[in-house]
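Subject: A structure for you to look at

Hi there,

Here is the structure I promised to hand over. Please open it in your viewer, and then read on for what I found in it.

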Amino acid sequence: MNIIKKIQENIFRYELFERETKIVIGVSGGPDSVCLLDALYKLKEKYNLHLVIAHVNYGLRGKDSNLDEKLVKKLSEKYSLPIEVLKVKKSEITRSGKSEDKLRTVRYDFFEKVSKKYKANAIAVGHNLNDQAETVLMRILRGTGLRGLGAIKFRNNNIIRPLLNIPRKEIIAYLRSNKTPYRIDKSNLSAVFMRNKIRNKLLPELEKDFNPNIQELLCKFSESASADYDFISRFTKEWLSANKKLQISALSKLHPSICREVLRQSLEKHAPHLREIESAHIEEIVKIIKSGKGKRQKIAFKGLKVGRIGDKLSIGK
């Protein structure tokens, strides 16, 4: 099955978008995003799509960053598509710390801004199967729970990832067969970021010494974990809608996995920008729930306060 057909299957299976959708495509100039741009352009008439290109020039790689921008602009001319470019001052990035999370925040904030400007329905990014495998391993090494194992999703609100189950080698082959130019980010070969260490060292060793299909296996594992977590999350939301107050007696009767998810979702109502509540914090609250002591108990972390008064568990800032 070729890439275009795989993408069409993903659009249908994961309900990525409908006909006449306005889509902002994040294009870095690398093979993944260039492949995504080319594929969506080829599907433009079939789905009557309205496409906009968004590019971020961080300026961290000097001339190479400018050459990336130059290529993306040429692609916008080739496809006759509007383009929006964000030029980030190097001083702003280095001052805030050029971590993966910082760069990601800058990128997605810009994509959202472009999406609002063009009244788009979706933002398409070029994550592929290799990215998914790397993310799963990275989260395992950091000690994630079931939610984290779900890793990257085909659709997350207005963010869509049509290439998520397509290996990078197929993407490169597609671009070469279509003679479509792309840029290689040499910084991906360095060992500065944890993801690069996983991509360039750990995964090749796992493929060579343990399982040549480890990346496909990790992606299937992630999809299974995501489905399991989705069930727990839905059940938890239903429980919380029926139990507005967090009573210790009711929490104590829940299965441990449901109880922990109730606590996570309750905490996130007060701090929605926390990407993940640490498991150690959840366990501290579980100890309070299980405690037989009748006196008041309180703990505080990350600007939140959790306390037990009698049969009630309170959460606030």
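Let me start with the sheet of three strands: it is open, has the order E7-E8-E9 and is antiparallel in its pairing. E7 and E9 are the edge strands, each pairing on one side only. On average, neighbouring strands of this sheet are turned by 15° against each other, direction ignored. For angles in general, axes are lines fitted to C-alpha atoms (for helices over the stretch in contact), and the values run from 0 to 180 degrees between N-to-C directions.

Before going further, a word on what you are looking at: this is a predicted model, in which local features need pLDDT of at least 70 and side-chain atom pairs count only at pLDDT 80 or more, while totals for chains, interfaces and linings use all residues. Residues are numbered from 1 along each chain as its sequence is written, and side-chain values use heavy atoms, with hydrogens and water left out.

Back to the strands. Strand E7 (residues 297-301) and strand E8 (residues 304-309) pair in the antiparallel sense over five bridges. Within that pairing, lysine 298 has glycine 307 of E8 as its bridge partner, and glutamine 297 has arginine 308 of E8. E7 and E8 form a hairpin with two residues between them, and lysine 302 in the turn has a positive phi of about 50°. E8 and E9 also pair in the antiparallel sense over five bridges, with valine 306 opposite isoleucine 315 in E9. They too form a hairpin with two residues between them; in this turn glycine 310 has a positive phi of about 65°.

Helix H14 (residues 279-290) lies across E7, E8 and E9 and runs at about 175° to E7.

The other sheet is made of six strands. It is open, with the order E3-E2-E1-E4-E6-E5 and mixed pairing. Its edge strands are E3 (83-87) and E5 (155-156), each pairing on one side only. Strand E1 (residues 22-26) and strand E2 (residues 50-57) pair in the parallel sense over five bridges, and lysine 22 has histidine 50 in E2 as its bridge partner. Helix H2 (residues 31-42) packs on this sheet, where it touches E1, E2 and strand E4 (122-124), and its direction makes about 155° with that of E1. Contact means heavy atoms within 4.5 Å. Helix H4 (residues 63-79) lies across E2 and E3, running at about 170° to E2.

A pocket is an open set of points on a 1 Å grid over the protein atoms alone where a 1.4 Å probe fits, with protein on both sides within 12 Å along at least five of seven lines; lining residues have an atom within 4 Å of a point. The second largest pocket holds about 210 Å³ of space, a volume being the space filled by probe spheres set on the points, which are joined across faces, edges and corners. Among the residues that line this pocket are Leu240, Lys269, His270, Lys312 and Ile315. Helix H13 (256-270) and strand E9 (312-316) are the elements that give two or more residues to the lining, and the largest share, four residues, comes from E9.

Is methionine 138 buried or exposed? Methionine 138 counts as buried because its relative accessibility is 7%; buried means under 20% relative accessible area, exposed over 50% and partly exposed in between (1.4 Å probe, protein chains only). Leaving aside neighbours within four places in sequence, methionine 138 is in contact with Met194, Arg195 and Ile198.

Finally, the whole chain. The protein chain has 14 helices and nine strands, and 46% of its 317 residues count as buried. Its C-alpha atoms fill a box of roughly 70 × 50 × 45 Å, taken along the principal axes. Among contacts between residues at least 6 apart in sequence, 70% join residues at least 24 apart.

Methods
Pairing = 2+ DSSP bridges.
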